[in-house]
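Here is a short report on one protein model. It covers the core, the salt bridges, the surface charge and a few loop positions.

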Amino acid sequence: MSEEGIDDPRSVLSLAANELGAGQFEDALARVKALQPSLAGTPDLLAPSRALEARALASLGREEEALAVLEQAQKDAEAANLPAHVEGLGRLRAGLAQAFEMERLAAMSAEDLERQAEDPAQRAVLYSNKIVAALAVGDIEGARELLPRARVAAEQAEDPAALLPVLLATTQLCVATDDVATAKRALEAARKVAETHEPDAIPLIDEMAGYLLRDPEA
């Protein structure tokens, strides 16, 4: 590392971000780890460095370490009275945690999932999440095959709200297969279920309608 890079931590962070974007995860991680001891007096730069560290760790498959880094970084940012950094780090942590869970579900077989959840309502949620996870990795056929299992689990559940995640997953699957008419029907059915049994989910349904079913010509 050049003397110029050492004197200018922002340049170091920029180099690390470039390495991360180029897939040089080990190099990015080493760079930010070497920089961090010099940032004790500049907490406004420590938070971005922790975010880069966590993203590099996540890219290397070190998921628990990545989440632990962000959790500690949030505490440090709070102690330094940097609320915007606390919020940003929290969003990154939640996003990574969700991505890790989706990866876990995508890799899990339907049979393993069935054994993991004895309660039909819980199975309906897990199958629905697995459908979304399959769509996220481009496995449309896998998502399609899971949908009947999710519906059966919802039908077996004693809670009518168990159908809600299945309908939302159906919406996303139909959008992915360009079946917009069925997607709209599924989302409208989800709204009716939510109005009766899960009113807190209505804002999510409205959000999904906005970004999934918006008119591309508008």
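## Core

Leu13, Leu52, Ala54, Leu89 and Leu96 touch the most other members of the largest nonpolar core, which has 27 residues. A nonpolar core here is a set of buried Ala, Val, Leu, Ile, Met, Phe, Trp, Tyr and Cys residues joined through side-chain atoms within 4.5 Å. Two or more residues each come from helix H2 (9–21), helix H3 (25–35), helix H4 (43–59), helix H5 (63–79) and helix H6 (83–107). H4 gives the most, with nine residues. Helices are DSSP runs (H or I, at least four residues), numbered from the N terminus. In soluble globular proteins, nonpolar side chains tend to be buried together.

This is a predicted model: local features need pLDDT of at least 70, side-chain atom pairs count only at pLDDT 80 or more, and totals for chains, interfaces and linings use all residues. Residues are numbered from 1 along each chain as its sequence is written, and side-chain values use heavy atoms, with hydrogens and water left out.

## Salt bridges

The whole structure holds 10 salt bridges. The criterion is a side-chain nitrogen of Lys or Arg within 4 Å of a carboxyl oxygen of Asp or Glu.

| Pair | Closest N and O atoms |
|---|---|
| Glu53 and Lys33 | 3.4 Å |
| Arg91 and Glu87 | 3.0 Å |
| Arg144 and Glu141 | 3.1 Å |

What does the bridge between Glu53 and Lys33 tie together? Glu53 lies in helix H4 and Lys33 in helix H3, so the pair ties together parts that are 20 residues apart in sequence. Glu53 is buried, at 4% relative accessible area. Lys33 is partly exposed, at 42%. Buried means under 20% relative accessible area, exposed over 50%, and partly exposed in between (1.4 Å probe, protein chains only). Lys33, Arg50 and Glu53 are linked in a network of salt bridges.

Arg91 and Glu87 are four residues apart in helix H6, about one turn. Arg91 is exposed, with a relative accessible area of 56%. Arg144 and Glu141 are three residues apart in helix H9 (residues 140–156), so about one helical turn separates them. Arg144 is partly exposed at 39%, and Glu141 is partly exposed at 44%.

## Surface charge

Which residues gather in a patch of negative charge on the surface? They are Glu118, Asp119, Glu158, Asp159, Glu198 and Asp200. A patch takes residues with over 30% relative accessible area and no salt bridge, joining like charges within 9 Å. Asp and Glu count as negative. A charge is placed at CG of Asp or CD of Glu. Glu118 is in the loop between helix H7 (110–116) and helix H8 (120–136). Glu118 is exposed, with a relative accessible area of 72%.

## Loop positions

Most residues other than glycine have a negative phi. Asn81, not a glycine, has a positive phi of about 60°. Asn81 is in the loop between H5 and H6, and is exposed at 62% relative accessible area. Asp178 also has a positive phi, near 65°. Asp178 is in the loop between helix H10 (163–176) and helix H11 (180–197), and is exposed at 68% relative accessibility.

Gly23 is in the loop between H2 and H3. Gly23 is partly exposed, with a relative accessible area of 38%. Gly23 and Ala56 are 33 residues apart along the chain, with 9.1 Å between their C-alpha atoms.

How values were computed
Patch = residues over 30% accessible without salt bridge, like charges linked within 9 Å, V, L, I, M, F, W, Y side chains within 5 Å. Areas by Shrake-Rupley, 256 points an atom, 1.4 Å probe, with all protein chains shown as cover.
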